[in-house]
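Work through the exercises below with the sequence and the 3D view side by side. Try each task before reading its solution.

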Amino acid sequence: MNNIKKISPWAWVPTLYFAQGIPYFIVNNISVLMFAKMGVPNGDMALFTSCCICHGLSNLSGARL
């Protein structure tokens, strides 16, 4: 009679990890587009973009730089 499908309480975990990655994806793509339009070489572009991402990760972890 009860056809209610029980969903595991852990079902939200993959969604949470996906949602946490969205801001990094957006920042990475926008910075690459911006540097490409400015004519920055690919090596420098990778360095600057990784510095932006690493700084954001250190702020999330609570580290003081």
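This is a predicted model: local features need pLDDT of at least 70, side-chain atom pairs count only at pLDDT 80 or more; totals for chains, interfaces and linings use all residues.

Residues are numbered from 1 along each chain as its sequence is written, and side-chain values use heavy atoms, with hydrogens and water left out.

**Exercise 1.** Find how many helices and strands the protein chain has.

Solution. Take helices (H or I, at least four residues) and strands (E, at least two) as DSSP runs, numbered from the N terminus. The protein chain has two helices and zero strands.

**Exercise 2.** Check the span of H1 against its number of residues.

Solution. The expected span is 1.5 Å times one less than the number of residues.

**Exercise 3.** Locate the bend in H1.

Solution. A bend is the angle between axes fitted to the seven residues ending at a residue and the seven starting there. H1 bends by about 25° at Gly21. Pro23 follows within four residues. Just after H1, Gly39 has a positive phi of about 85°.

**Exercise 4.** Decide whether Ser31 is buried or exposed.

Solution. Buried means under 20% relative accessible area, exposed over 50%, partly exposed in between (1.4 Å probe, protein chains only). Ser31 has a relative accessible area of 8%, so Ser31 is buried. Ser31 sits in H1, residues 12-38. The buried residues of H1 are Val13, Phe35 and Ser31. In the protein chain, 12% of the 65 residues are buried.
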